[in-house]
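Here's a friendly walk through this model, one piece at a time. Have a look at the sequence and the fold before reading on.

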Amino acid sequence: YVLLDSGIIADNGDASFKIKLIEPLIIDKMSDVYLEFISILSLDDGTASLETYPCFVLSIDELPMNTSSNINSLNNKYIIPNDTYGTSKDEIGEDSGAATATSINVKLKSNYMSTIIPQTFNVFNINLYGYSTSGALTLLKGAGSNAGRVIIGLIIKKQ
């Protein structure tokens, strides 16, 4: 199990970060990588809430993702559906009329991402984007004085 935490992403700072592991992660056999969960905390795109994106796009340079698409910007990236797409709900579950969400927890439960060969990981370079209905891929940003954060849970299973 690997837990990757971006640390604080400053207000309007990009959700593009490098995570240096405390100890090297040594993979000694071909292994499959699964995304267990992702928590997106206090992020937006600088102008709109997370609810305006039907999906999020995750790029981890060190993991070879073989995603194919008719949209070039989505190739070799991991697509995460946004279950909160639409407008905010009020306390009784009705539409509040405004899209204001800046934090989302997505529990994917062992979704396959990639197969990796034996190697040692010291760092992970990560980018998190919102994918809009217009086809634009926008790097998410820290939102507000609380500062943003991205927490990713990966499971690595030997083949």
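Strands here are DSSP runs of E with at least two residues, while helices are runs of H or I with at least four, both numbered from the N terminus.

Ten bridges link β3 with β11 (residues 149–158) in an antiparallel pairing; strands pair if DSSP finds at least two bridges between them. Within that pairing, L35 has L154 of β11 as its bridge partner.

## Where the model comes from

This is a predicted model, where local features need pLDDT of at least 70, side-chain atom pairs count only at pLDDT 80 or more, and totals for chains, interfaces and linings use all residues. Numbering starts from 1 along each chain as its sequence is written, and side-chain values use heavy atoms, leaving out hydrogens and water.

## Strand β5, covered on both sides

Now for β5 (residues 55–60), where six of six residues are buried. In a regular strand, side chains alternate between the two faces of the sheet. On one side of β5 sit C55, V57 and S59, on the other F56, L58 and I60, and all are buried.

β5 runs antiparallel to β6 (residues 78–81), with four bridges, and L58 pairs up with Y78 there. Six bridges also join β5 to β8 (residues 119–131), again antiparallel, with I126 as the bridge partner of I60.

## The whole chain

So what is the chain built from? Eleven strands and zero helices. Of its 159 residues, 45% count as buried.

Notes. Buried means under 20% relative accessible area, exposed over 50%, partly exposed in between (1.4 Å probe, protein chains only).
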